[in-house]
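Visitor: Hi, could you walk me through this one? I'd like to start with a helix and then move to the ligands.

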Amino acid sequence: MLTPTEAIDVFPFDNSYARLPERLFARLPPTPVAAPRLIRLNEALARHLRLDPDKLASPEGVAVLAGNRVPQLGEPLAMAYAGHQFGAFVPQLGDGRAILLGEVVDADGIRRDIQLKGSGPTPFSRNGDGRAALGPVLREYIVSEAMAALGIPTTRSLAVVTTGETVRREMPLPGAVLTRVASSHIRVGTFQYFAVRADVDALRHLADHVIARHYPEATGAVNPYRALLDQVIARQADLIARWLHVGFIHGVMNTDNMSIAGETIDYGPCAFMDSYDPATVYSSIDSVGRYAYGNQPRIALWNLARLAEALLQLLDEDKDNAVQKANEALNGFGARFEAAYVEGLRNKLGLLQPQADDLSLAQGLLDLMAKNGADFTLTFRNLGEAAASPEGDAGVRNLFTDPTAYDAWAEAWRRRLADDGTVAVHERMSVMRAANPGVIPRNHLVEEAISAAVDNNDFTPFEELIAVLARPYEDVPATLARYAVPPRPDQVVRQTFCGT
Ligand code: AMP
Ligand code: MG
């Protein structure tokens with residue numbers, strides 16, 4: 001038996017959210033599960049969080065990760081939030097199957113939420129069971145950790161525990177709990193929850209908390225709430241640009257799934273594109289393509305407009321002035337997004353010195369890729385070889401149904417490269433390699449790893465996949481080559497599911 005003092009060490013919590021007014025959340029412990037088994041512990045992340053992986057993997061630690069035991073410094077709570085789901089406002093959503101255990105300060109001095117997802121019902125569960133199935137938990141683990149390795153702001157996954165219980169969805173499925181780490185779980189919808197209740201006092205507490213925690217620079221601004229809005233807009237613009245650069249489709253960009261800190265959050269039916277098509281949608285519930293790949297910038301701006309509305313009462317006492325400030329802030333999104341988007345595309349094309357036509361050059365390639373069903377990831381990855389010498393062209397043109405389509409574009413690209421200053425080839429290639437991953441969590445590989453785990457209790461493909469995805473910018477060894485190639489026609493996955 002561990003003594004209580006030893007147990008404290010599992011998570012040295014310091015809980016700032018739990019000190020906010022009580023109406024921001026509901027306090028309750030997670031609901032224990034029958035038979036916790038640790039499936040995966042992210043040891044590197046644990047160390048970064050200044051946690052002891054051995055303690056986390058001990059029976060006491062696993063009991064905490066399963067929700068069977070609340071650590072001494074934990075102050076478990078479910079956060080209140082609202083949100084627009086597919087455009088329709090729902091005044092009360094909230095953590096219906098997640099519990100914030102507490103916060104730790106990581107090795108970089110950044111405060112991180114430790115949250116259990118799938119930890120049982122809460123006052124926000126509505127008709128849900130508060131649980132998560134193993135498949136979606138593994139999907140979130142795989143994709144969130146892949147995003148982190150790609151260098152894209154995201155929540156992280158610290159652990160997966162199976163519960164020994166069955167969850168009922170369309171069919172009975174094994175249950176699991178994910179331990180999720182975020183720089184906070186505050187969402188656009190968290191602000192909406194208090195705005196719709198005209199609870200300005202709570203809004204101010206929340207905004208002040210967010211400024212102190214995520215945007216301390218805003219404290220010194222003439223209007224800190226305006227500065228907060230500006231900065232959330234900037235971070236989201238940057239984030240969406242990063243998604244587009246790697247072919248990521250979030251799938252459910254509801255306002256309750258948009259983080260105030262600018263991290264990718266709430267991985268549901270998310271997916272990466274194989275062949276490039278801006279209209280790509282995978283989510284089974286997104287029938288009109290609201291959250292299609294190419295719509296994501298527009299939707300982000302729409303969501304940010306909902307945030308601006310929620311902040312109106314803080315922006316200015318005068319309604320008209322508040323609206324004007326909100327609009328000024330929102331007007332900043334377009335330029336910020338475009339700058340981030342073009343900068344990333346330049347790196348992807350190996351253009352080191354900006355020129356005015358760079359976006360149209362990149363767009364020209366993207367249009368041809370769409371027409372020719374070219375694989376998004378491999379086209380850019382292989383372009384690195386083509387930058388070194390025209391012998392590399394074969395690796396790109398083979399990805400196009402009509403390879404000559406690439407040739408014409410490549411001529412224009414080479415002229416542009418020749419006009420890009422005296423940059424050493426290896427320097428250009430290393431910029432391109434750092435901007436063009438060779439491996440992404442392709443749907444068919446994710447599905448394969450999930451089915452092996454769920455259907456056969458075999459976690460080997462899951463482990464192998466996350467190991468490969470941890471180094472997305474390196475070339476994969478020959479033995480793992482299948483992780484770096486597009487699906488065969490019979491392997492293509494066309495639909496993904498939320499699985500809630
Ligand atoms: P999501 O689609 O995961 O972003 O969730 C939308 C809302 O539904 C949030 O308020 C969740 O907490 C809630 N929710 C999703 N799945 C469940 C579940 N199994 N039990 C209770 N609430 C859930
Ligand atoms: Mg959500």
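Guide: In helix H15, which spans residues 425-435, the buried residues are Arg428, Met429, Met432 and Ala435. Buried means under 20% relative accessible area, exposed over 50%, and partly exposed in between, with a 1.4 Å probe and protein chains only. Helices are DSSP runs of H or I with at least four residues, numbered from the N terminus.

Visitor: Why are they on the same side of H15?

Guide: Because they cover an arc of only 125 degrees around the axis; the arc is that of the directions from the helix axis to the C-beta atoms.

Visitor: And which exposed residues does the face turned away carry?

Guide: His426 and Ala434. Before we go on: this is a predicted model, where local features need pLDDT of at least 70 and side-chain atom pairs count only at pLDDT 80 or more, while totals for chains, interfaces and linings use all residues. Residues are numbered from 1 along each chain as written, chains are lettered from A and ligands numbered from 1 in written order, and side-chain values use heavy atoms, leaving out hydrogens and water.

Visitor: Switching topic, what are the protein donors of the magnesium ion?

Guide: Asn257 (OD1) and Asp266 (OD), lying 1.9 to 2.1 Å from the ion, which is ligand 2. Donors are N, O and S atoms within 2.8 Å of the metal (3.2 Å for Na, K and Ca); water is not among the atoms, so sites may look incomplete.

Visitor: Is Asn257 buried or exposed?

Guide: Buried, with a relative accessible area of 11%. Asp266 is buried too, at 12%.

Methods: Helices (H or I, at least four residues) and strands (E, at least two) are DSSP runs, numbered from the N terminus.
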